[in-house]
There are 2 protein chains.
Amino acid sequence: MRNAVHPTVDAISLPHVLGALSDPVRIGLVALLADGSERGWGEFQVPLSKSTLSHHLRVLRESGITWTRQEGTRCFVRLRTAELSERFPSVFPAILAAAVAEPNPVTLAASGDEDSRDCDNNPDVGVIAS
Amino acid sequence: MRNAVHPTVDAISLPHVLGALSDPVRIGLVALLADGSERGWGEFQVPLSKSTLSHHLRVLRESGITWTRQEGTRCFVRLRTAELSERFPSVFPAILAAAVAEPNPVTLAASGDEDSRDCDNNPDVGVIAS
DNA sequence: AGACATGTTCGGTGATTGGCGAACAAGAGG
DNA sequence: CCTCTTGTTCGCCAATCACCGAACATGTCT
């Protein structure tokens, strides 16, 4: 939310990071962000309540894995790949590669936003269940 | 344990491994094994009871990170580096390198003949073995 | 303004975890 | 035989965790 706390690079600890990635949902979220894209909360489809999803994204943020940006009422998240690679050289790319090869309990839904994003804009989707 | 259970390579899961490494004591143990050596239980000096140390070594074993061998009443442990590297290419060497660079709550004691446990009060100096 | 959408936060709950000591099993050696 | 050493297992306890629904805050849209 507003007062999103992001640890500095030095404050990121290895056990903390590994603990954050030890949950299938969280490593699934990371796998979906592994291409460097920024995703909105609403794109993540996972059989959990929104409060639990918020919890998982907070754990990822406070462990230093992700960076959260807010825009209006929406939040967007991306990996702190460069900083993680600086802190733990070669650990993060390797984990990302392994993560995307694992079964993922999280899937992507249509974003439905009109905001700028770096890559794909799907033409067909645009209808969301009301 | 006497009937030590080791998972097969296929049964090793990434979240499970990362969870096992998310504890400072356990990643410290792994860091001490990172050179490929085999260590006896008694070489690990950590401010924990022996039951808790046994618990941590069991977690490492059952997550597939270590291999335990018994000889008489003593147990020896080593990393399953080759199998881990096969299962998650390049993840494990990277984590090992990061682990040995972290502060380690576990230290090594003498491995040969050691009988000076009762009167020494300076464990800091001379911890370097071999 | 009112209705809606998006996330956070606050209890609460059940499961898991890390820690301990005591008791136990089993080999080594007096 | 008995004892010592090494490690496992068994409660037990406190802390943390994952999860939920409800309530709240805040921004957007009609």
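Trainee: What rotation superposes chain B on chain A?

Mentor: A rotation of 180 degrees, with 0.0 Å of shift along its axis and an RMSD of 0.0 Å. That is the relation of a two-fold axis. Keep in mind that this is a predicted model.

Trainee: Through which surface do the copies meet?

Mentor: Through the same surface, because 100% of the interface residues of chain B are also interface residues in chain A.

Trainee: Now the helices. How do I describe a packed pair?

Mentor: Two packed helices are described by the angle between their axes and the distance between the axes. Take helix 2 (residues 24-32) and helix 3 (residues 50-62) of chain A: the angle is about 70 degrees, and the axes lie 10 Å apart. Angles of 65 to 115 degrees count as roughly perpendicular, so helix 2 and helix 3 of chain A are roughly perpendicular to each other. Their crossing is right-handed.

Trainee: Which residues make the contact?

Mentor: Helix 2 of chain A brings Val25(A), Arg26(A) and Leu29(A), and helix 3 of chain A brings His56(A), Val59(A) and Leu60(A). By class, that gives four nonpolar residues, one polar and one charged.

Trainee: What lies between strand 3 and strand 4 of chain B in the hairpin?

Mentor: Two residues. In this hairpin, Gly72(B) takes a positive phi near 70 degrees.

How values were computed:
Residues numbered from 1 in each chain as written. Chains lettered and ligands numbered in written order. Predicted model: local features only at pLDDT ≥ 70, side-chain atom pairs only at ≥ 80, totals over all residues. Pairing = 2+ DSSP bridges. Helix = DSSP H or I, 4+ residues; strand = E, 2+ residues; numbered from the N terminus. Least-squares fit on C-alpha atoms with pLDDT ≥ 70 in both. Contact = placed C-beta atoms within 7 Å. Axes fitted to C-alpha atoms, helices over the stretch in contact; angles between N-to-C directions. Parallel < 35°, antiparallel > 145°, perpendicular 65-115°, else oblique. Left-handed = near helix turned anticlockwise from the far one by under 90°. Nonpolar A, V, L, I, M, F, W, Y, C, P; charged D, E, K, R; others polar.
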